[in-house]
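Here's a quick briefing to read alongside the model.

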Amino acid sequence: MGVLTKVERRAAPKAEALPLDRILMDDCVEAMRALPAKSVDMIFADPPYNLQLGGDLFRPEGGRVDAVDNDWDKFDTFAAYDAFTRAWLTEARRILKDDGTLWVIGSYHNIFRVGAAVQDLGLWILNDIVWRKSNPMPNFKGTRFTNAHETLIWAAKNETARYTFNYRAMKTLNDELQMRSDWLFPICSGAERLKRGGVKAHPTQKPEALLYRVLLACTNPGDVVLDPFFGTGTTGAVAKRLGRRWIGIEREPGYCDVARERIAAALPLDESALKTMQSPAAAPKVAFGVLVETGMLSAGVVLTDAKRRHQAVVRADGSLEAQGATGSIHKVGATLQGAPSCNGWTFWHYEDAGALKPIDTLRQTYLLANEP
């Protein structure tokens, strides 16, 4: 992995359609124009916020706040910022695959203007995500509310696009609850905050946990993720960990150097760790009768609930019989409890070495043994 300058890329052979796992040191619009149409699966953009800071800001004890005062964040007018936004978004939409998605992060200074441009260009907003900062910088002047969040726009290429959303993985990540659109993460600090000579390497470095969730939600291993405002390479480092390919665009040589070192040190997860929970529609189906057919449970075995209040006998066809009721593991479980429904896989237990185990344990064992 290295950094390609404009001259080096123009001299490179045409055979390599995409500069995968490389940093393109160039203006983002010009670099994206050189990429093929419909070639990337996801774009994560952290553009300049156009903070419009009016002078230095000081802490109560007199220390100067290390704020964003870099030239790359300065625009003469809102019109100039809007023109820049439309230019890079136009190229982003062109190189995004039809089933790809765009993520843009910003603050109140710019995100509404970006959102309007996103919609004007025909992209379809799926969600806005609020990143709530658990450790935000205080408002030292006491003249406004503390700015404790940033907003992410998640958009598909159009209203009918069949985009990737790993719903099951997000639910698993959130302790089996639907993932909400407000995410709580701390800002970068401590060991994660990259520094050079005791000074922040980048003023707006994003936490890896934030990118981890974004990439896990909307990409699959092997997908190509483009970051046109690469900075110190958070997107690249997380993409490498998760087995995704990446392309970074960054015009500042110092940031490129930091990103290259950082990504080189990132350790990818092993293949087994990369497997995420499948959606119910994609998960392989196993009938209870298969466990009986394969001898994992024998006909005639008595199953009970976890508290041994109910009993049922396994029949040869994979049905259960209990107190005159017969049917599936789900139907009999519901009948005995007087309930409208029952998940028989977790309700019914079998005895193994004196301990009760849910029959779902046998199902998972079967799936692992017969994994393609």
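**A glutamate and a helix pair**

E150 sits in strand β6, residues 149–156 (helices, H or I, of at least four residues and strands, E, of at least two are DSSP runs, numbered from the N terminus). Keep in mind that this is a predicted model, where local features need pLDDT of at least 70, side-chain atom pairs count only at pLDDT 80 or more, and totals for chains, interfaces and linings use all residues. Residues are numbered from 1 along each chain as its sequence is written, and side-chain values use heavy atoms, with hydrogens and water left out.

**Around E150**

- E150 is buried, at 8% relative accessible area (buried is under 20%, exposed over 50%, partly exposed in between, with a 1.4 Å probe and protein chains only).
- Leaving aside residues up to four places away in sequence, E150 touches Y49, I105, G106, I129, V130, W131, K133 and K206 (contact means heavy atoms within 4.5 Å).
- G106 is 44 residues from E150 along the chain, yet their C-alpha atoms are 5.9 Å apart.

**Where α3 meets α4**

- Helix α3 (residues 78–95) packs on helix α4 (residues 111–120) at about 45 degrees, with axes 10 Å apart (axes are lines fitted to C-alpha atoms, for helices over the stretch in contact, and angles run from 0 to 180 degrees between N-to-C directions).
- From α3, the contact uses F78, Y81, D82, T85, R86 and L89, and from α4 it uses R113, V114, A117 and V118.
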